[in-house]
Amino acid sequence: MAEVTFREANKRYRRAFIPVMVVYTIAVFGGSYLLKQFETPPTWLAAIVALIMAAPVGGVLWLMWRLSRETDEYTRQQQMAAMAAGGMITAFFSVVWGFLELYNVVPSLWTFLVGPIFFLSYGLIYCIGRRSFGAGFEK
Amino acid sequence: MINTLRELRAERGWSQGDLADALGVSRQSINALETGKFDPSLPLAFRIARLFGKGIEDIFDDGLGHMKKAAE
């Protein structure tokens, strides 16, 4: 594990996060604009645009992973607990929705929403956990 | 785990932020340590002990130390 302080780890995260978000915004708007130029965009082009749009999200996940490795152990404990809880909520929600969908109780869910559901549940759990329990909220 | 971190910090007139900076951790970590909500890893416990020039057992007490002494 890299030997950086809590402050340095956060600085490194912010320094990389902003450019990645700029790339994401450009990719989303630029890609959409490019595809609109075609009546029926070729599949290969649509696939490339979609992958370019998704790549920065992978970058953010990697930055979150790096931050969790570089930050102090207390913050890491909180983040890991929130990530695990967020992942479990997302998985459980997907399974529940999947069964409901199987029996035509609910409409088919856009797979695209799984990402935001994870980030939202992770963020909420992180904030609620910190506020309610203060420390690594496994105690 | 009980610890004397708050007392040691107060003796030196350090704020939680000062101690956090000296250890390279967040202020929240120090607060969690002092309130007993968080137990440090062995490497962090060593860093804390070295910073105060004390042994780990002089700062942290898992509550079983008295049993060991009684057995001796």
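Predicted model: local features only at pLDDT ≥ 70, side-chain atom pairs only at ≥ 80, totals over all residues.
User: How spread out is chain A?

Analyst: The general idea is to set the radius of gyration against the globule rule. For chain A the radius of gyration is 19 Å, while the rule gives 14 Å for 139 residues, so chain A is more spread out than a compact globule. Along its principal axes, the C-alpha trace of chain A spans about 55 × 40 × 25 Å.

User: What share of the residues in chain A is buried?

Analyst: Buried residues make up 12% of the 139 residues in chain A.

User: Among contacts in chain A between residues at least 6 apart in sequence, what share joins residues at least 24 apart?

Analyst: The share is 76%.

User: How do the axes of helix α1 and helix α2 of chain A cross?

Analyst: An angle over 145 degrees counts as roughly antiparallel. Helix α1 (residues 6-36) of chain A and helix α2 (residues 43-70) of chain A have axes that cross at roughly 170 degrees and come within 9 Å. That angle makes α1(A) roughly antiparallel to α2(A). The residues of the contact between α1(A) and α2(A) divide into 20 nonpolar, two polar and two charged.

User: How many residues of chain B are in contact with chain A?

Analyst: On the chain B side there are 10 residues, in contact with 10 residues of chain A. Helix α3 (residues 27-34) of chain B gives the most to the side of chain B that touches chain A, with three residues. By type, the residues on that side of chain B divide into four nonpolar, five polar and one charged.

User: Which residues is Ala45(B) in contact with, leaving aside its neighbours within four places in sequence?

Analyst: With those neighbours left aside, Ala45(B) is in contact with Pro40(B), Ile56(B) and Phe60(B). Ile56(B) is 11 residues from Ala45(B) along the chain, and the C-alpha atoms of Ala45(B) and Ile56(B) are separated by 6.4 Å.

Technical notes:
Residues numbered from 1 in each chain as written. Chains lettered and ligands numbered in written order. Contact = placed C-beta atoms within 7 Å. Helix = DSSP H or I, 4+ residues; strand = E, 2+ residues; numbered from the N terminus. Nonpolar A, V, L, I, M, F, W, Y, C, P; charged D, E, K, R; others polar. Rg over C-alpha atoms; globule rule 2.2 N^0.38 Å. Buried ≥ 20, exposed ≤ 12 C-beta atoms within 10 Å, placed from the backbone. Axes fitted to C-alpha atoms, helices over the stretch in contact; angles between N-to-C directions. Parallel < 35°, antiparallel > 145°, perpendicular 65-115°, else oblique.
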